Amino acid sequence: MNDSNIQDMPTIHTEIARKSVEIGFTMPSDVYIGTLLKTLISSKPAGKFLEIGTGIGLSLSWMIDGMDRVSKLITVDNDPELIAIARQYFESDDRVEIICEDGTEWIENYEGDKFDLIFADAWPGKYSEIDEILNLVKVGGFYVIDDMSVQPNWPEGHDKNVNRLVSYLENRKDFNLTKMNWSTGLILAVKK
């Protein structure tokens, strides 16, 4: 499949993709991950969602597109330039809270309600603070991570981090796990 086969792409997505190229942002999310996030979020009416690793807002556009009017989403990134761009596109949406903060600190200090879906697209919540982030998933909620297949931008030895994480998740008894050799490599877990 190619991108032209994607149905119901968020209206703003093309503009954000253009902006990514303009500023030289080299870590955009795959559109197929976006379609999955939109679908999963659509299954949780009045849901509460979390994204760690806002980036420029490509995945965020899909997540928002899947939300109903009463759902809420928090997105966190530590890059002020990228957060400023994401705010230009999304800050007028009262369902969305865009936070510029170190993901590790945010996860460690968060004391609010648990989430129906967490998309961990940054080091915190994926390779660090994994117990803390998994504790924030509601029973029946989704934990989604991508880039589990070898990526061209991986630093030397990163495959060991991925293997450790996969092994850890496979051994958790409180989640059902599906590993997908699809898009950039995906793990979809649901809390039991």
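How do helices α2 and α3 lie to each other, roughly parallel or roughly antiparallel? Hold that thought, everyone, and keep in mind that we are looking at a predicted model.

Let's start with the numbers. Helix α2 covers residues 31-42 and helix α3 covers residues 58-66; they pack at an angle of about 25°, and their axes are 7 Å apart. Angles under 35 degrees count as roughly parallel, so α2 and α3 are roughly parallel to each other. Their crossing is right-handed.

Who does the touching? On the α2 side, the contact includes Val31, Leu37 and Ile41, and on the α3 side it includes Trp62 and Met63. By class, five residues of this contact are nonpolar, five are polar and two are charged.

Now to the sheet. Seven strands make an open sheet with mixed pairing, and the order is β3-β2-β1-β4-β5-β7-β6. At the edges you'll find β3 (96-100) and β6 (175-180), each pairing on one side only. From one strand to the next, the twist averages 15°.

Our friend α2 comes back here: this helix packs on the sheet and touches β1, β4, β5 and β7, and its direction makes about 170° with that of β4.

β6 and β7 (residues 186-191) run antiparallel, joined by six bridges. For example, Phe175 has Lys191 in β7 as its bridge partner. Helix α7, residues 158-171, lies across β5, β6 and β7 and runs at about 140° to β6.

One last stop: the aromatic rings. The whole structure has five aromatic pairs, and ring pairs link Trp106, Tyr110 and Phe115 into a cluster.

How values were computed: Residues numbered from 1 in each chain as written. Predicted model: local features only at pLDDT ≥ 70, side-chain atom pairs only at ≥ 80, totals over all residues. Heavy atoms only, no water. Axes fitted to C-alpha atoms, helices over the stretch in contact; angles between N-to-C directions. Helix = DSSP H or I, 4+ residues; strand = E, 2+ residues; numbered from the N terminus. Parallel < 35°, antiparallel > 145°, perpendicular 65-115°, else oblique. Left-handed = near helix turned anticlockwise from the far one by under 90°. Contact = heavy atoms within 4.5 Å. Nonpolar A, V, L, I, M, F, W, Y, C, P; charged D, E, K, R; others polar. Phe/Tyr/Trp six-rings, centres within 6.5 Å; stacked < 30°, edge-to-face > 60°. Pairing = 2+ DSSP bridges.
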